Amino acid sequence: MNYEESTTTSAGLDHAWAALANVTAYPKWTKSMTAVEPLDAPVLAVGNRFRIRQPGLPPGVWRVSDVHEGESFEWEAKSPGVHTVGYHRLRANPDGTTTITLGIRQSGALAWLVGLFITGKTRRYVRMEAAGTKAAAEAQAPAGDGTASTSGR
């Protein structure tokens, strides 16, 4: 199963990254996660692990496998027969906005079977997380960060 969701925020890249990289805060702005607990350290760094609890799913341990500071990160979870990669990417746009792209890739002998049962929930959760990242980035951004002024000047 592969699923990707993109949205654009008026927040600049720095504010979008601050929201995206603060993984332990995710449950504050998305109902798709009830807890993100650091198992090593609370920072987004390759090798660090986080236990994620999500409604209707067993808790999973996700290990950060790639970080490009200010741009993207990936983490992965493994279970018998399934390897899941969650990717998170930001792209600065010429108008000062930022495109947020989140996705899930699953592979392995049992990925198709797991997909039969959780595809709908996975898609819904990725949409919720993209919307939450956008809202969190915009909440951090000062007025005027991003595209146009609302003053009409």
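**Figure 1. Pairing of strands β6 and β7 in the predicted model.** In this predicted model, strand β6, residues 82-92, pairs with β7 in the antiparallel sense over 10 bridges. Val85 has Arg105 of β7 as its bridge partner, and Ala92 is bridged to Thr98, also in β7. The two strands form a hairpin with 5 residues between them. Within the turn, Gly96 adopts a positive phi of about 95°.

**Figure 2. Strand β7 and its pairing with β1.** Strand β7 also runs antiparallel to β1, to which it is joined by 8 bridges. Asn2 stands opposite Arg105 of β7; Arg105 is likewise the bridge partner of Val85. Of the 10 residues of β7, 8 are buried, so the strand is largely enclosed by the rest of the structure.

Figure 3. Thr7 is located in strand β1. Its relative accessibility is 19%, and Thr7 therefore counts as buried, the limit for this class being under 20%. When neighbours within four places in sequence are set aside, the contacts of Thr7 are Thr98, Thr99, Ile100, Ala130 and Lys134.

**Figure 4. The largest nonpolar core.** This core comprises 29 residues, of which Leu20, Val23, Tyr26, Val36, Leu44, Phe73 and Trp75 touch the most other members. Two or more residues each are given to the core by α1 (13-21), β3 (49-53), β4 (60-68), β5 (72-79), β7 (98-107) and α3 (111-140). Helix α1 gives the most, with 5 residues.

**Figure 5. Contacts of Tyr26.** Tyr26 is one of the core residues that touch the most other members. Apart from residues up to four places away in sequence, Tyr26 touches Ala19, Leu20, Met33, Val36, Phe73, Trp75 and His88. Among these partners, Leu20, Val36, Phe73 and Trp75 are themselves listed with Tyr26 as core residues touching the most other members.

**Figure 6. Overall organisation, for orientation of the close-up views.** The secondary structure of the protein comprises 3 helices and 7 strands, which follow one another from the N terminus as β-α-α-β-β-β-β-β-β-α. Along the principal axes, the C-alpha trace spans about 60 × 30 × 25 Å. The radius of gyration is 16 Å, which agrees with the value near 15 Å that a compact globule of 153 residues would have. Buried residues account for 42% of the 153 residues. Among contacts with a separation of 6 or more, 49% join residues 24 or more positions apart. The protein exposes about 8,000 Å², and carbon and sulfur atoms supply 53% of this area.

Methods. Residues numbered from 1 in each chain as written. Predicted model: local features only at pLDDT ≥ 70, side-chain atom pairs only at ≥ 80, totals over all residues. Heavy atoms only, no water. Core = buried A, V, L, I, M, F, W, Y, C linked by side-chain atoms within 4.5 Å. Buried < 20%, exposed > 50% of the residue type's maximum accessible area, 1.4 Å probe, protein only. Helix = DSSP H or I, 4+ residues; strand = E, 2+ residues; numbered from the N terminus. Contact = heavy atoms within 4.5 Å. Pairing = 2+ DSSP bridges. Rg over C-alpha atoms; globule rule 2.2 N^0.38 Å. Areas by Shrake-Rupley, 256 points an atom, 1.4 Å probe, with all protein chains shown as cover.
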